[in-house]
Amino acid sequence: MRGGIDLGGTKIQAVVVDDASALLGQARLPTPTEGGPADVSEAMAAALREAATAAGVQTGDLTGVGVGSPGAVDEAAGTVSSARNLPGWEGTFALRQDLGGRLGAPVKLGNDVQVATDAEFQLGAAREYDSVLGVFWGTGVGGGLVLDGKPWVGRGSAGEIGHVVVRRDGARCPCGRRGCMEAYAGRGAMEARAYRLHARGEHTVLFDIMRRRGRERLTSGVWARALRAEDPMAVAIMARAIAALGAGVASAQNILDVEAVIIGGGLGVRLGEPYVARIAAAMQPHLFLDARPPQVRLAALGDLGGAVGAALLAQPA
Ligand SMILES: [Zn+2]
C-alpha cells in the first residue's frame, strides 16, 4: 500500500491506495491558515493517519508516501520553497525529512499540478494518449505536461499555462504581471472582478449565495449555482474566463500539438462537461491547425486526482 497527499492552499487531501492505485482510504483536512511549515507538515501527517486508519493500516506500514506540493519543489533535495499560499512558507523547508519522521515512511515530493497530470495520464482521462496537456482550473490556472509518454518539467517550472499572455497590457494578474490568462480565468481573479463590479453598484446573486452557504469566498460551488440561476454578472465574468482559456490553451496547443487536453481543477471538475465543450469551442478560432484540434476532455479522477497522482510518486522503481 502507498500513501498520497495533495497539499492545497485550502485543503489537504490524503489517500491510501493499493498496488493498482485502487482507493482503500481517504481523508480531507483544512490547510492550517496560521503557523509555519512544521504545522502544515503535522496537518498533512494527521490527514494521512486518518486515511490509513480508514484503510485498516498505520502510516508506518506504507511502502512510501508521495506528496503533490505547490511552490518550488526540489525533488532531489527534498525541499519545498516559496509556497506563498501556505502560512509562513516563504523560505525553504525540508518537507521530505520532516514529514517522513512524522509518518515513519519514506516520502517523495512532486509538483502538485504535475502529479495530477500524471494521474490522468496513467489512470484517468488521458490513458489512451502519449502527449497530454493538463489544465487545472481553480483559484489559479495550473498546467502539467506529458510529452512522448514522459512528464515534462523543463528546468523544474514548465507548464505555467496560467501565465500565458492573452492580452498585452491587460488585467493585472495575481503574479504581478499583466494580461496573463489567470488574470481573467483564475477563480481568485474572477472573484476580485465580481467585488469590483459589485462595489460599482452592479447587481449579482454571487455574494448572496456565498453568505447563504456560509462561505467566505466565491467557491466553485457558488459560481455553479449563480450560473445555473443565470446571474448576469456571473455569466459575463465566466464568458470572459472561457474566452481567455480558449486563447491561452490554444496558444499552448499551437506550440506542443498534443493529442489531448485534460481540463481539471476545482472549477473544471465542478462545472463539468458543458464547460469543457465551451473551452474547446473557444480554442477553435485560435488553433493554427483548426481542422485537427486536440481531444479536450474532463479530468476523470475528480477531486482525488492530485492525491492519487501523488501516490504514484511512491511506486517502487
Ligand atoms: Zn500571471
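I began with what counts as a donor, namely an N, O or S atom within 2.8 Å of the metal, and I kept in mind that this is a predicted model.

**Entry: the zinc site**

I then looked up the atoms themselves: H163 coordinates through ND1, while C173, C175 and C180 each coordinate through SG, at 2.0 to 2.4 Å. The angles among the four donor atoms run from 104 to 114°, and the site is tetrahedral. I also checked how open two of these cysteines are, and noted that C175 is partly exposed, with a relative accessible area of 30%, whereas C180 has a relative accessible area of 2% and is therefore buried, the limit being under 20%.

**Entry: the three-stranded sheet**

Next I turned to an open sheet of three strands, in which the order is β5-β6-β7 and the pairing is antiparallel. Its edge strands are β5 (72-74) and β7 (92-93), each of which pairs on one side only. For β6, which covers residues 79-81, I noted an antiparallel pairing with β7 over two bridges, and I saw that V80 stands opposite F93 in β7.

**Entry: aromatic pairs**

How many aromatic pairs does the structure hold? I found two. In one of them, the rings of W89 and F93 have centres 5.4 Å apart and planes at 80°, so I recorded the pair as edge-to-face. Both partners are buried, since W89 has a relative accessible area of 0% and F93 has one of 16%.

**Entry: E191 in helix α5**

Staying with helix α5, which spans residues 187-199, I looked up E191, which has its place there. Its relative accessibility is 6%, so E191 counts as buried. I then asked which residues E191 is in contact with, once its neighbours within four places in sequence are left aside. I wrote down R217, L218 and W223.

How values were computed
Residues are numbered from 1 along each chain as its sequence is written. This is a predicted model: local features need pLDDT of at least 70, side-chain atom pairs count only at pLDDT 80 or more; totals for chains, interfaces and linings use all residues. Side-chain values use heavy atoms; hydrogens and water are left out. Donors are N, O and S atoms within 2.8 Å of the metal (3.2 Å for Na, K and Ca); water is not among the atoms, so sites may look incomplete. Four donors count as tetrahedral if all angles lie between 85 and 135 degrees; four count as square planar and six as octahedral if opposite donors are over 155 degrees apart and all others between 65 and 115; anything else is irregular. Buried means under 20% relative accessible area, exposed over 50%, partly exposed in between (1.4 Å probe, protein chains only). Two strands pair if DSSP finds at least two bridges between them. Helices (H or I, at least four residues) and strands (E, at least two) are DSSP runs, numbered from the N terminus. Contact means heavy atoms within 4.5 Å. Rings of Phe, Tyr and Trp (its six-membered ring) pair if their centres lie within 6.5 Å; planes under 30 degrees apart count as stacked, over 60 as edge-to-face and the rest as tilted.
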